[in-house]
Amino acid sequence: MNKLVLLSGILILIPLYVTANAELHPNLLVSAENPASGNHFSGSMVVEVIIHDLGLSDTSVGKGEPDVTINGNNLRMVQATDGRWYGYFANVDKAKTADQIAFDSGVSGVGLDFGVFCSKDTISLGPTFSETSGIAIPRSTTGATNGDSAFVTCTGTPSGTNLNNVVRSPKSINTNPNILPGQIGLNSDAWPLVQLFSFSNNAVIQYNGVGTQSVTLAYDDIPNVSLSLDKKNYPPGAHVFATINDIQLNQDPTSRDSWTFNVNSSQTVFYDAFTESGASSANGGAGLVNLIPKLSSLGFEKNGKLAMNLGTVAELKQNDFQSSTASDGTVTYSKIVTFVETEPNSGIFENADHNSQSNIKILSSAPRGQSATIEYNSKSYSIVSGLNTASISLGATQVLSGQRIPLTVVDSDQNINPASRDKLDVFRSSALIPSLTIGSPATLENAASVKFYASTVDNLSAGTSITSTVPDRNSDRLVLDTTTPASLSFEKISLNLGISADDLKTLLIDTSSANNGTNWINYDLRSIQNQLGITDFSDTRISLFFGLTDSSPVTLLSIGRLTGAQGFIQNDTAATLINSKSGQAFLVIDFDASNNSSPPGAISSETDTQPIVFDLFSFGEKNGNQVNNAIYRFELKETGLNTDTFTGTLEYVIANQLNQFDSNTIKTLSTTSDNVKFFVNQRLINEKGINIAYSDIAKAGLTISTSTKTDISTHSGTASLNSKTYRFGQPVVIRLNDPDLNIKHDTIDIYSVINDSTSSNVDTVGSSSGTMLEVLIKDIRYKRCTINGVATGGLASTGFSLVETGPNTGIFEGVFKMPSNICNQGGTELISSAGGIIDIKYTDFRDAFGQQNIFKLSKQPKQDSKLISKQQNPTLNSKTFTLPSYKMTSDVVMSGKINNYKTGTKIKFTLVGPDGKQSILDVVATKQGNYKTIILLKHDSLPGKYNVNVNYLKSDVGKASFDVMSPKTKTIKK
């Protein structure tokens, strides 16, 4: 059962129980009254009795002691500082047995130590206890006895340290100087005092106040003892939450009890080996007493003993409830598991601490379908190792630029800790990471030959080899296995990237040539920070060596550039330096590049592995082709406790003429996050659509890559004016609708006018990178000029800008006043704007076909109801195609035009293959009716003749055909 759910159950039950009994005995509270256990108590359990009576609660005025009896014998009550009256009692025989166990150890104040005993005729403590069988007081006094010895009258006053370990957190006795201590004159050093009675059946506690109130307890074997597990099966690395329900383990009603079990062949049980916070109590010396041979004499039946068979499935771990071992000074117990009470007096015990760390875990190497066992109260429970099949999905059918789209993974195998919200962290070795790869970034997919070096000056051929693997080919994390070397200090790491210099030349953009764009380094070394002691990255340098003896390595990140254990940093100079290199690339991470400190990192008996990430990204244009090479990793978070559901979001920004080479745009990307933001510079549809992959280890025990796919479509922009005619000075409102211009989900995007008179694009909406929108009046750009020393402003002088109507709308508006005069085409004179038209020229960087398109109001076709006529057949980029090689594709491009096209209506393409099977594709054209669509040929497409029929508004408007040949087909001359 989930820890917090269980606690919630307790919080629900307790108020109901108190309310139900308040009518019967509203002023009498008895700790052992618990419907879940049938009001049973047993053995040496201490019972707390509280009288809460407002008439007796004044702590500064003498009040008469409340009349409380147990089976007719007087139970003396003591007032505490909170105004309530308290009394503690236990069975005399079992209390003596418990105390004898503690006394025999020779260590006082630990285990089941009741303190010391005095006979019932002792009067030196203040009040008398003549109706008891004896009393236990916390401090030594003259005449006191221990354990099974016969009670003797005590004659002295208590002094020394508190030896009572079964009432550890009593309320403080009232010592107001105006009244007797505790209202009954009890020596304060005798508090807490436990009154002992002899009973073998029921114990009736009665308060004779305003009327008679009573509670009946059954002194007998405890019913409803149970153990439960939180799951039916557990994935590797999972925490196992076990819960024991046993009120008899509640020895102390005032604090959280702790029980420790050694579960190997030498089965043992210890009471209070550790405190409730995990500090040693009896642990570490002779006071740690094995209670197994004593349980029967303490009143336990089958309960009180816990056994486990860990097998090849489970392991025991240290947590905040216990250390890794327990010792009695002679024997060390190494297979221990500790259960601590959830709340004082709850009788519910758990093995997971308040940080949700369990001391029972599933091995990372646990075989599927095997089990460990845990046994309590002679009942055995199976801890089964097993996996479940995961799913991944997007929360939207249409993905638009600048909008956050939910991404969800449901995988119970990643819910390794049911009492906390798990997260799919890249640095966590057992996490599976949903990943999105665009293009061909350089990653650690083929990395090998990892070495650690004791000194920064060590040759790369030296060093200590560390085993490494890339278990997940989707997220491409390199997992370092540091569990083999017992101890190693290090200053740098090297690894073979599995990439050549020629590979990097192909990937990176060399901006010293005619190319344009940016290169980026994406790294994540948090596992090294968390586990291997590298906490400061200010003196770290990351370099590429080409060959182990490279005397002039390429510095990727110099000293001071790393932003911490994780970063995304631009480096455009490395591409130029790599041009002169050849051979295999080795990545070297030097954590002490200045060689001015002792080794900052250390491997020391590691029990976990360390996943790391290193990627090279590139964005821009190379040799006339668009470049977009990147990988994004989703660190999804569990939606709540024990839900098995992990969520995050994805968002993309699409390139336009203003940002396509802008490093500030790339800086806004989020490459490793629960809210990933990625970059798109062209339409990605069909086979080229984005694919978020998740390497699930499914129920069958096989790694199955499950994924969710979606298209990234581009959209044709449209512009409009708020009127057809304007007077001088009248506001002209331009409205631009293009979802591709929506850059960020929570921001109103704004596109400004170029106000640089030296720019050829002055007075247009754009930047130094290009023009987006131009206002034309009389087919002349609304542009500034200076005539006879007098300046006349253009669009920029009006304060015009395109402002998004709200976050996420993709609709932009701008306003300027209609001028009476404008500059002529050459800027040599002013002319009247009267009699002309206002036109808008919008350069759409990517229209619905992924092509650049220029939109002008003056070129919009008139929409009418004419029948479609004289349509042209689509044109093809070729009539004959050869099937591409394995895993490659070829494009069959069809383009054409629909006359009298109605904006937004669909054109239907029916493709008939050589086997007669049909495929249908719907396409939307531009406002001018121009369309373009692509048919992808794959290596396994059928060779033969393909026919395409074009249908618009239920009428056939064209057809085309093409032939596809196998690569081995030869043309035979006739």
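**Figure 1. The disulfide between Cys 785 and Cys 823.** In this predicted model, Cys 785 and Cys 823 form a disulfide, with their sulfur atoms lying 2.0 Å apart. The torsion about the S-S bond of Cys 785 and Cys 823 is about -80 degrees, so this disulfide is left-handed. The pair links distant parts of the chain, since Cys 785 belongs to strand β55 (residues 785-787) and Cys 823 to strand β59 (residues 821-823), and the two cysteines are 38 residues apart. Cys 785 has a relative accessibility of 7% and therefore counts as buried, the cut-off for a buried residue being under 20% relative accessible area. Cys 823, with a relative accessible area of 3%, is buried.

**Figure 2. The disulfide between Cys 118 and Cys 154.** A disulfide joins Cys 118 to Cys 154, and the distance from S to S is 1.9 Å. About the S-S bond of Cys 118 and Cys 154 the torsion is about -95 degrees, so the disulfide is left-handed. This pair, too, links distant parts of the chain: Cys 118 sits in strand β8 (residues 116-118), whereas Cys 154 sits in the loop between β9 (134-137) and β10 (194-197), with 36 residues separating the positions. The relative accessibility of Cys 118 is 0%, and Cys 118 therefore counts as buried. Cys 154, at 2% relative accessibility, likewise counts as buried.

**Figure 3. The disulfides of the whole structure and their pairing.** A search of the whole structure finds 2 disulfides, namely the one that joins Cys 118 to Cys 154 and the one formed by Cys 785 and Cys 823. A disulfide is a covalent bond between the sulfur atoms of two cysteines. When the bonded cysteines of the chain are numbered in sequence order, the pairing reads 1-2, 3-4.

**Figure 4. An open sheet with the strand order β63-β65-β68****.** This open sheet consists of 3 strands, and the pairing is antiparallel. The edge strands are β63 (875-876) and β68 (930-938), each of which pairs on one side only. Strand β65, which covers residues 889-897, pairs with β68 in the antiparallel sense over 9 bridges. Within this part of the sheet, Gly 896 stands opposite Tyr 931, a residue of β68.

How values were computed
Residues numbered from 1 in each chain as written. Predicted model: local features only at pLDDT ≥ 70, side-chain atom pairs only at ≥ 80, totals over all residues. Heavy atoms only, no water. Disulfide = S-S within 2.5 Å. Helix = DSSP H or I, 4+ residues; strand = E, 2+ residues; numbered from the N terminus. Buried < 20%, exposed > 50% of the residue type's maximum accessible area, 1.4 Å probe, protein only. Pairing = 2+ DSSP bridges.
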